[in-house]
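Colleague: Could you take me through one part of this model in some detail? I would like to look at it closely with you.

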Amino acid sequence: MKVLVTGGAGFIGSHIVDHLIAAGASVAVVDNLSTGREANLNPQARFYNVDLTDPALREILARERPEAVVHEAAQASVGVSVARPEADAETNIQGTLNLLEAARLVGVRKVVYASSAAVYGEPAYLPVDEVHPVAPLSPYGVSKYTPELYLAAYRQLYGLDYVALRYANVYGPRQDALGEGGVIAVFAERLSRGEHLEVFGDGAQTRDFIHVEDVARANLKALESGSALICNVSTGEPTSINDLVRLLAAVTGGDPAVSYQPAREGDIRHSRLDNLRARRYLDWTPIRELREGLEETLRFYAQNTLE
Ligand SMILES: NC(=O)c1ccc[n+]([C@@H]2O[C@H](COP(=O)([O-])OP(=O)(O)OC[C@H]3O[C@@H](n4cnc5c(N)ncnc54)[C@H](O)[C@@H]3O)[C@@H](O)[C@H]2O)c1
């Protein structure tokens, strides 16, 4: 199968590319390397260093003629979206529209889109399923949700099919700890430097940590099955930040120093996504254990310094 992956030099996108190539797909990558890294690029993928909003995207799709598009490229920082909401919308909304136009003009069959738990906002109940109200708390949540609406409209208008995957907190090798990377990346990097861990609030807040390889497998499943489908990609399991510290201590055999800081305003207390839909419609189930995933992530940070 011929697939075009946007954001294929980034954390999640690069794992998807690796899985696609291992499965025998022919892959092209579009990425402007704003947060992605050349080192993440699979050498067997054809690489286009192009911005999502660039009109040249149409020529690239016309040349590549992919059967499907996996759309991971995004401005992925909540903080940046609050500081610069127009720039966030430019990439996540305008950029996605530019991609959808290019895709429908060359007759792409399906788009698999990286959406986010951020679309839900503060959970009204747990675990959050896909019929939970959408009430984003940040410009990022709005700009990740808007493309879901365009996808539905493009399917009606042009028959361009889609699956939108709402990821929980993704972790694993290649995640960027700079800026406001996921807490596991931040902890792993600090441990690799022998620094103490900073916990905001009492550490009893919980998250749903899903390994990047489970996310990559969900994307490959979504290329094969699922039609006009929105589904969560998660473990459905809660892990508190204090649990995480304990697991890291067990894995490293040490006793990491922890400093408790005031809770950050606007942080959600508990977040956990129901994954029954993905199990049912994508025939997917998460298989990576958190402890073993943490060991792997720590090894990655010990061996790689991400500048
Ligand atoms: N990491 C998570 O926990 C998480 C959770 C929910 C959703 N997501 C979504 O998953 C996707 C991948 O996120 P990630 O964590 O791998 O982030 P990332 O920053 O590592 O990857 C994003 C990639 O997109 C590229 N990119 C950004 N703006 C671009 C533009 N205008 N044109 C072309 N390329 C551009 C970057 O260079 C980077 O390679 C994003 O859509 C993000 O919103 C991530």
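What covers the buried residues of H8?

Modeller: Happy to. First, a word on the basis: this is a predicted model, in which local features need pLDDT of at least 70, side-chain atom pairs count only at pLDDT 80 or more, and totals for chains, interfaces and linings use all residues. Residues are numbered from 1 along each chain as its sequence is written, and side-chain values use heavy atoms, with hydrogens and water left out.

Now to your question. The cover over the buried residues of H8 includes H6, strand S8 (197-200), strand S10 (209-211), strand S12 (239-240), strand S13 (258-261) and H10. Contact here means heavy atoms within 4.5 Å. Helices (H or I, at least four residues) and strands (E, at least two) are DSSP runs, numbered from the N terminus.

The residues of H8 that are buried are Ile-241, Asn-242, Leu-244, Val-245, Leu-248, Ala-249 and Val-251. Buried stands for under 20% relative accessible area, exposed for over 50%, and partly exposed for what lies in between (1.4 Å probe, protein chains only).

The length of H8 works out as well: its 12 residues (241-252) should span 16 Å at 1.5 Å a residue, and the end C-alpha atoms are 16 Å apart, so the two agree. That expected span is 1.5 Å times one less than the number of residues. Just after H8 comes Gly-253, with a positive phi of about 70°.

Two of the covering elements lead on to other details. Arg-174 has a phi near 80°, positive although the residue is not glycine, and is partly exposed at a relative accessible area of 21%.

The structure holds 2 aromatic pairs. In one of them, Phe-300 and Tyr-301 have ring centres 5.5 Å apart and planes at 90°, so the pair is edge-to-face. For these pairs, the rings of Phe, Tyr and Trp (its six-membered ring) have centres within 6.5 Å; planes under 30 degrees apart count as stacked, over 60 as edge-to-face and the rest as tilted. Phe-300 is buried at 15% relative accessible area, and Tyr-301 is buried at 3%.
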